[in-house]
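Thanks for making the time. I will go through one structure, starting with a salt bridge and ending with a pair of helices.

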Amino acid sequence: MVIMKRWLLILLATLSLAGCGYNDFQRLDEASKSAWSEVLNQYQRRADLVPNIVATVKGEANFEQETLTKVIEARAKATSIQVTPETLNNPEAFNKFQQAQGELSSALSRLMVVAEQYPNLKANQAFRDLRVTLEGTENRITVARNRYIQTVQEYNVLARSFPTNITAKIFSYDPKANFSVQNEAQISTPPTVDFGQQQQPKK
């Protein structure tokens, strides 16, 4: 009889947790971590491309040094930020990270625009291949980031809704940081490359 009561209590507790969203928190927490890992993988993929892009561009004798310097500095800043699991629950750290990635996106976009002024560089097969790879990586970043945004939105709605917000408080499932609308618009723009204009390189 005692054993039956014990199992009954366990069953009731399990049903209670399930009804209060405990299992959903577990599922979405893991899903958000997985989605975030993919975002980081794609950002790292882009960062790994930068040295090759810079090395190729340096081969163009008169290329703007300031543009290259900004790309190098932006990459250094973006890769210097240590990302930990706690970053997802720290809005300030998360914002710092996404701002650094946004600066790298802007610097790369500027580099690609300036590269349009150099016919020799545009004709360079290595540079063209790197440009295509970069564009593909930017698209992958957008897809990975959107998946993360959707997962975190589901998680945060669960954390703020009744009665699942009670479960969130009991088990410390705080709302997670997410990409802001302003920064999302800034960093979701792939580098702009227009081969329609034929300009002479700067002297």
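Arg 131 is buried, at a relative accessible area of 14%. Keep in mind that this is a predicted model. The side chain of Arg 131 forms a salt bridge with Glu 135, with N and O 3.1 Å apart. Glu 135 is partly exposed, at 25% relative accessible area. Both residues sit in helix H6, residues 125–160, and because they are four residues apart, about one helical turn separates them.

There is also a network: Asp 29, Lys 33 and Lys 176 are joined by salt bridges that share partners. The count of salt bridges comes to nine.

Two others deserve a word. Lys 77 pairs with Glu 103, and their closest N and O atoms are 3.2 Å apart. This pair links distant parts of the chain, with Lys 77 in helix H3, residues 65–80, and Glu 103 in helix H4, 26 residues apart. Lys 77 is partly exposed at 39%, and Glu 103 is partly exposed at 35%.

Lys 122 and Glu 116 form a salt bridge at 3.9 Å, N to O. Here Lys 122 is buried at 11% relative accessible area, and Glu 116 is buried at 10%.

Now the helix pair. The axes of H2, residues 22–57, and H4, residues 91–115, come within 12 Å and cross at roughly 35°. The crossing is left-handed. On the H2 side the contact includes Trp 36, Leu 40 and Tyr 43; on the H4 side, Phe 94, Phe 97 and Leu 104 are among the residues met. What kinds of residue make up the contact of H2 with H4? Twelve are nonpolar, two polar and one charged.

Definitions and conventions:
Residues are numbered from 1 along each chain as its sequence is written. This is a predicted model: local features need pLDDT of at least 70, side-chain atom pairs count only at pLDDT 80 or more; totals for chains, interfaces and linings use all residues. Side-chain values use heavy atoms; hydrogens and water are left out. Axes are lines fitted to C-alpha atoms, for helices over the stretch in contact, and angles run from 0 to 180 degrees between N-to-C directions. Helices (H or I, at least four residues) and strands (E, at least two) are DSSP runs, numbered from the N terminus. A crossing is left-handed if the near helix is turned anticlockwise from the far one by less than a right angle, and right-handed if clockwise. Contact means heavy atoms within 4.5 Å. Ala, Val, Leu, Ile, Met, Phe, Trp, Tyr, Cys and Pro count as nonpolar, Asp, Glu, Lys and Arg as charged, and the others, Gly among them, as polar. A salt bridge is a side-chain nitrogen of Lys or Arg within 4 Å of a carboxyl oxygen of Asp or Glu. Buried means under 20% relative accessible area, exposed over 50%, partly exposed in between (1.4 Å probe, protein chains only).
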